[in-house]
Amino acid sequence: MKSLEELQKIKETQLEAIRLREADQKAKIVVGMGTCGIAAGAREVMSAILDELGKRRLTNVAVTQTGCIGLCAQEPLVDVILPGKPRVTYGKVDANKARQIVAQHVVNGIVISEWVVNRGEE
């Protein structure tokens with residue numbers, strides 16, 4: 001960090017990320033952040049999701065994290081929960097897939113079936 005302006009920009013970026021996490025939501029995204037998820041790249045997935053939501057100015061999506069749910073071989077895992085729809089769990093998500101999940105599933109309501117590892121019941 002070299003200047004006060006740079007520090008202010010970092011502060012604004014982090015406050016925006018917190019706001020995205022806590023917003024009144026119509027959708028919810030949950031990222032598996034257990035040790036297995038983090039080792040498989042869940043931090044990068046979480047960052048990509050927050051970045052994509054920020055770029056699209058989607059303020060009604062809550063982004064949270066959870067621990068290991070026992071599907072370690074499928075990590076990083078991402079759940080998408082839309083109101084009135086069953087929970088959809090995506091496996092082996094990377095940053096690129098995370099951005100596509102936001103664009104296709106969260107924005108357009110289209111489930112990307114080839115990456116789904118579990119669907120909740122309706």
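Guide: Asp51 and Lys55 are four residues apart in helix H3, so about one helical turn separates them. Helices here are DSSP runs of H or I with at least four residues, strands are E runs of at least two, and both are numbered from the N terminus. The model is predicted, so local features need pLDDT of at least 70 and side-chain atom pairs count only at pLDDT 80 or more, while totals for chains, interfaces and linings use all residues. Residues are numbered from 1 along each chain as its sequence is written, and side-chain values use heavy atoms, with hydrogens and water left out.

The side chains of Asp51 and Lys55 form a salt bridge, at 3.3 Å from N to O. The term means a side-chain nitrogen of Lys or Arg within 4 Å of a carboxyl oxygen of Asp or Glu. Side chains of opposite charge can pair when their charged atoms come close. Lys55 is exposed, with 59% relative accessibility, whereas Asp51 is partly exposed at 32%. Buried means under 20% relative accessible area, exposed means over 50%, and partly exposed lies in between (1.4 Å probe, protein chains only).

Asp51 has another salt bridge, with Arg99, where the closest N and O atoms are 2.8 Å apart. Asp51 belongs to helix H3 and Arg99 to helix H4, so this pair ties together parts that are 48 residues apart in sequence. Arg99 is partly exposed, its relative accessible area being 25%.

Next come Glu52 and Arg56, whose side chains meet in a salt bridge of 2.9 Å, N to O. Glu52 is buried, with a relative accessible area of 10%, and Arg56 is partly exposed at 36%. Through salt bridges that share partners, Asp51, Glu52, Lys55, Arg56 and Arg99 are joined into one network. In the whole structure, a search finds five salt bridges.

Val102 also has a place in helix H4. Val102 is buried, with a relative accessible area of 1%.
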